[in-house]
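Subject: Structure handover

Hello,

I am passing the structure on to you, with notes on what was found in it. Please read them beside the model.

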Amino acid sequence: MTKKTVEVTPTNHLHEEVRVGMSKQALIRAFYDNLFYVQGRFKDVATPSDLYMAAAYTVRDRMLERWIRSAQTYKKAQVRTVCYLSAEFLLGPHLGNNMVNLGILDKAVQAADELGLDLQEIQEQEEEPGLGNGGLGRLAACYLESLATLQIPAIGYGIRYEFGIFEQQIRDGWQVEVTDAWLRNGNPWELFRPKLRFPVKFGGHTKHHTDETGQLHVKWVPELVVNGVAYDTPILGYRVDNTNLLRLWKSEACESFDFNAFNTGDYYGAVNAKVIAENISKVLYPNDEPEVGKELRLKQQYFFVSCSLQDMIRLHLGTAGSLDKFHEKFAAQLNDTHPAIAVVELMRLFMDEHQMGWDRAWEITRNTFAFTNHTLLPEALESWPLDLFERLLPRHLEIIYEINDRFLDEVRIRFMGDTARIARLSLIEENGRRSVRMANLACVGSFAINGVAELHTELLKTTILKDFHDLWPDKIKNKTNGVTPRRFMVLSNPRLSRLLKKHIGDEWIKNLDQLRTLEGLADDAGFVERWRRTKMAAKMDLAVWLQGKLGMQIDPQSLFDVQVKRIHEYKRQHLNILHVITLYEGLKLNPNQEVAPRTFIFGGKAAPGYRMAKLIIKLIHSVAHVINKDPAVKELIKVVFLPDFSVKRGQRIYPAADLSEQISTAGMEASGTGNMKFSMNGALTIGTLDGANIEIRKEVGEDNFFLFGLTAPEVKQRVLDGYRPGDYYQRCVELKSAIDLLDSGYFSRGDKDLFRPLIDSLLQEDTYMLCADFESYKDTQVEVSNAYLDIKRWSRMSVLNVSRIGKFSSDRAIREYCADIWHIEPCRVGIDGC
């Protein structure tokens, strides 16, 4: 059926302001204006990219009025502001989310329909900003959106990476990393601020002198100076006028072209400064295995922190006469250890640039920063070699030494004679290659520390941060992560959102606890039938999309068993695929057994230098290659790996999932947020008592969660007892059979060496206790199959998961941060101001 096309002339619809009007006709006129005046196209010759850009500018125009009004309101009221410092912001596509938050999505669909356009196809043109690696960056994005929705003044600070997290391609089952050129077509959501730039120094040496009053002054004479220039993106709250700021920094040379070098024929030398400077913001997480990679990572972290703090000082001095109340103006949250150098940089700026004494500078600094820890893995706690630090940031190392001396004096008084504790608390690691411990620095330089799930926080207090907890018992708090329901329910799952609005209204979009009213409908046959149809429609959408992308047919009636997340041994994708092998063997031996048909869907990226994770991806593809071709099981199990998993692709997967695999080793996952996104969309969880799984299980009910595996204390005890994975391999028939089949070359065309490193790792070390948990996992998967075959029971469990998931909104998390850590109040943007 051909859609009706309407042409709009410049004289139509003048009764409503084109830039800010919210009606369908205003949107149509604005779209044409942006297509014509910004893109320089008319509709008949416009490319899909042109149509997307015109749509994006149309939506952005409506955000800018709110953004400027917010800035004016915040400045006039001199409000306390949250500054969220993060090396990652995994934002996801902007267009759809901004239309939801403006409340114009339905009108935009109608406008597109009237223009003969498909809004979904337009949205598909958007390049996703790959400015993050996973949960940490996505959490930062959720928090920025919730801050705006809750009307909390906030600025997000980070890096405008030219190339984001790599694009993942699969060749012969192996991951291949390809450049993510997300800026190739431009970014309509950002505004370049060429005059907003700050110098950032590296290398060189320091000069010390004492003035006539006896005060010490230090001058840093750098070897290299680059500029950080700002790119601003508006972050809109849901159905409010508050629009906050995401400010990302790009590195540039102070002088990008050496004319004299060029004229003497040194063409490379003419642009050498430009290349060196721009490398700093070139790519997200350069490989830090070589020394030059480590240097670049440290440069990146210092670069964005220095720009951000200089900007904060500029903003504060614009409304205040001095820096004495800097900590009252800003609450700066360090999102993990990447921005921890901020503690030292703020001290340097206060003392060296603004002539503040040490004691006052340290008091303000320690009352400015709060620190979020995101890991329990000791190897993931950042540290930088001392010689690298001294070469790159000589002034900062001097300040670190002074902070450390003063801090350890305090420790010695508190714990007299405890030299081992003093060594553990020191900011300097003395064993092996001496290094600066960034987590210790963040703990010492912050007024609050938080974990991101109840178990994670308790483990912080008893393991990696135990000494700090002993020193400051009230400093470590818990703030369980959350995700925004606007993106991961309203935008991702419009059918479910419409069903919920019809039965319980739409208050849940801003107060997710309102979903509790669904509980009364869990046994309503008519509602549950509509619930099942909604889920089936999402599964059919995903099946059609996967067929288009991968050329693979999957059965929407099958159980969609999904594990999509970063590939890592502790997340145990290999536990999942070994169970697939067990299921496959069982069906080959007994094809008539009653099991729920399953489609196993995997997705996720491995770090480029992480060989074992890449081997796990190869294993998944190798198993899929055999199983998907075997006619004996093709109606019962299928294995799919979705390449290049991202926020955009997650939005397709979360609504369609039946089962969410959250199977990390207990005590290893800080929180997880994928588990929350799946539950919000009606998937049931199979998981360990790890991270936020514990709290999800508590909220949704033990009967609505498939639990397996060792607990964190049991994992610890196995290690203390001398864990022997070979014993479990010998005792568990199915585990032995699966590993032996893999070892035989059955899934590798007879190549017995291909998966040998993985098998040896499991049988000799098994750091993440896959063997110990396998039997429990296998048995629990039988429970999953039986539950899925009981349609009424499964549907009821699904409804109850959604109805009880309210705690895991990022709005709740931000309210807790505001009350317990930042001590900040909302500021409403509108006619009446705050």
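This is a predicted model: local features need pLDDT of at least 70, side-chain atom pairs count only at pLDDT 80 or more; totals for chains, interfaces and linings use all residues.

A contact here means heavy atoms within 4.5 Å.

Helix 13

Helix 13 spans residues 358–366, and its buried residues are Trp358, Ala361, Trp362, Ile364 and Thr365. These residues sit on the same side of helix 13, because the arc they cover around the axis is only 165°. Among the elements that cover them are helix 11 (326–329), helix 12 (342–353), strand 11 (369–372), helix 15 (394–414) and helix 17 (438–444).

Glutamine 781

Glutamine 781 belongs to helix 32, residues 770–789. Its relative accessibility is 1%, so glutamine 781 counts as buried, the cut-off being under 20%. Leaving out residues up to four places away in sequence, glutamine 781 touches Asp561, His579, Arg598, Leu659, Glu661 and Ile686. With arginine 598 there is a polar contact, side chain to side chain, at 2.7 Å.

Second largest pocket

The second largest pocket holds about 1,200 Å³ of space. Its lining consists of 44 residues, and those nearest the centre are Leu105, Gln120, Val490, Leu491 and Pro494. Elements giving two or more residues to this lining include helix 3 (95–102), helix 5 (119–124), helix 20 (485–491) and helix 22 (525–550). Helix 4 gives the largest share, six residues. Sorted by class, the lining has 19 nonpolar, 16 charged and nine polar residues.

Regards

Definitions and conventions. Residues are numbered from 1 along each chain as its sequence is written. Side-chain values use heavy atoms; hydrogens and water are left out. On a 1 Å grid over the protein atoms alone, a cavity is a set of points where a 1.4 Å probe fits but cannot get out, and a pocket is an open set with protein on both sides within 12 Å along at least five of seven lines; lining residues have an atom within 4 Å of a point. Grid points are joined across faces, edges and corners, and a volume is the space filled by probe spheres set on the points. Helices (H or I, at least four residues) and strands (E, at least two) are DSSP runs, numbered from the N terminus. Ala, Val, Leu, Ile, Met, Phe, Trp, Tyr, Cys and Pro count as nonpolar, Asp, Glu, Lys and Arg as charged, and the others, Gly among them, as polar. Buried means under 20% relative accessible area, exposed over 50%, partly exposed in between (1.4 Å probe, protein chains only). A polar contact is a pair of N or O atoms within 3.5 Å; within protein, one must be able to donate a hydrogen and the other to accept it, and residues adjacent in sequence count only if both atoms are side-chain atoms. The arc is that of the directions from the helix axis to the C-beta atoms.
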